[in-house]
Amino acid sequence: MSAPRSAASGDPDAATLLAERPHLAYDPMAGLMLEGVPLAAIAQALGTPCWVYGGATMRTRYRALAEALTAAGLNAQIHYAIKANDHSAVIDLFAAEGAGADVVSGGEIRRALAAGMPAGRLVFSGVGKTERELRLALEASVAQINVESAEELEMLDSVACALGRRAPVALRVNPDVDAATHTKITTGLGHNKFGIPLAEAAEIYVRATALEGIAPIGLALHIGSQIGSLAPFRTACRRLAALARSLIAAGYPLGRLDAGGGIPISYRDEPPITAAAYAGALKSAFAGLDVELLIEPGRWLAGPAGVLLTAVVLEKNAGGRRFVVVDAAMNDLVRPALYDAWHGIVPVAAEAAGAPSRPADVVGPVCETADTFARDRALPMVFPGALLAVLDAGAYGATMSSTYNSRPLAAAALVENGSWTVIRPRQEEAALWATERLPDWRVSRSGNGQVA
Ligand SMILES: *Cc1c(COP(=O)(O)O)cnc(C)c1O
């Protein structure tokens, strides 16, 4: 791309980042706004760090994807992968749009149901579903269980038989393609733990048709998250399509193909994959197959819609480096530490956005060198209390937070129609240890069941 860059590092500058994110804009007085709401006002009310999500942005993205699928002539349903952002308000928003949900644990099944997502729109994925989770899924009557191994198929069959039910099953195939993403989020390589090797899938599908507790309905894949390009995705889908054609030709029931998630977003300057290009890839791979399609995007729907607001604690110069120490940390947003992820970081104050900048490392207060949001990032002079917005934090942000260093989970707000509301208050510090107990032997000696 020919976008202007800050000379120091090759990173896109704030103006370039915002030009591609129409839900974000500077007001000369109010500073950075998300869907027209000043982020400084939300930070003022909630304190920092806090998450802010744009409801209209999520909805617009969902509709753009749904329309692209329809325009390509596909009979496809979107199942939002709630692990990307599982706030009840976010699940509710997508459910109201008609989306289903991709869930990967018993907790996510219960969370989705509690948020009002109908069980008939749930797809249950995951490589290690326990018997208890499978029972929960069957009792709730989820739409589809994606089975990842011959062993799991037998386990599910016995759980289903014990309940007197038939489990609607798609076999998750491992197509052995390199999704060209970070090694920690690639899932479709032959040596990854996920799915059934392509060469064994037909035999296991045939086996599934013979099991009393199993109703095989289709095939699934998911090659990874933030896939590097559409090429590996197309290859994987073609392999899935070929397998489906041979099973259909042999007379086996197969009405559904699930292409998984993984649609990437542009964090830095990666060429974006449009909804139309993605739909085109699906269409060409599955041409001529009269089946229902299902996709499971998470990041693409929620990622760009969110920011993490953080305040500068202080600026410190040491060892010839400039450190901007902020009050958010890797326990809030772990992606930079875990995946070496790049996130745009821009000042909330409008005048700071245009001010001369110098490279800085943006770091959190946690006792790990990995607690670094950015290295050598061009930032203007900042003072304690100055607000920064970490961009594209709507997916795999809050859901991956921990309370490491006894840091409570941050507050979250949703912007709708020019106003905003809290969708999760900041966790109380005391809640971090409220359910903890001293061991009995310690209690009897002290005569006090409370942790002092
Ligand atoms: C994580 C996951 C998704 C969503 O991936 P995104 O990259 O967020 O689109 C979809 N399906 C399965 C099975 C997953 O594990």
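Let's start at helix 10, which spans residues 275-285: Ala275, Tyr278, Ala279, Ala281, Leu282 and Ala285 are buried there. These residues sit on the same side of helix 10, because together they cover an arc of only 155 degrees around its axis. What do the buried residues of helix 10 pack against? Their partners are helix 3 (55-71), helix 9 (230-249), strand 13 (292-295) and helix 11 (299-302). Keep in mind as you look around that this is a predicted model.

Now hop over to the ligand. It has 15 residues around it, and the closest are Lys83, Ser225, Gly262, Glu296 and Tyr396. Ser225 has a side-chain N or O atom 2.3 Å from an oxygen atom of the ligand. A polar backbone atom of Arg299 lies 2.8 Å from a ligand oxygen atom, while a nitrogen atom of the ligand is 3.4 Å from a polar side-chain atom of Asp102. How much of the ligand does the protein bury? Taken alone, the ligand exposes 390 Å², and the protein buries 93% of that.

Last stop: Arg322, which you'll find in strand 15 (residues 321-326). Is Arg322 buried or exposed? Its relative accessibility is 5%, so Arg322 counts as buried, the cut-off being under 20%. The Arg322 side chain makes a polar contact of 2.9 Å with the side chain of Glu315, and also reaches the backbone oxygen of Arg358 at 2.8 Å. Leaving aside residues up to four places away in sequence, Arg322 touches several others, among them Asn317, Pro359, Asp361, Leu379 and Met381.

Definitions and conventions:
Residues numbered from 1 in each chain as written. Predicted model: local features only at pLDDT ≥ 70, side-chain atom pairs only at ≥ 80, totals over all residues. Heavy atoms only, no water. Helix = DSSP H or I, 4+ residues; strand = E, 2+ residues; numbered from the N terminus. Buried < 20%, exposed > 50% of the residue type's maximum accessible area, 1.4 Å probe, protein only. Polar contact = N/O pair within 3.5 Å; in protein donor to acceptor, adjacent residues only side chain to side chain. Contact = heavy atoms within 4.5 Å. Arc of directions from axis to C-beta. Near = heavy atom within 4 Å. Areas by Shrake-Rupley, 256 points an atom, 1.4 Å probe, with all protein chains shown as cover.
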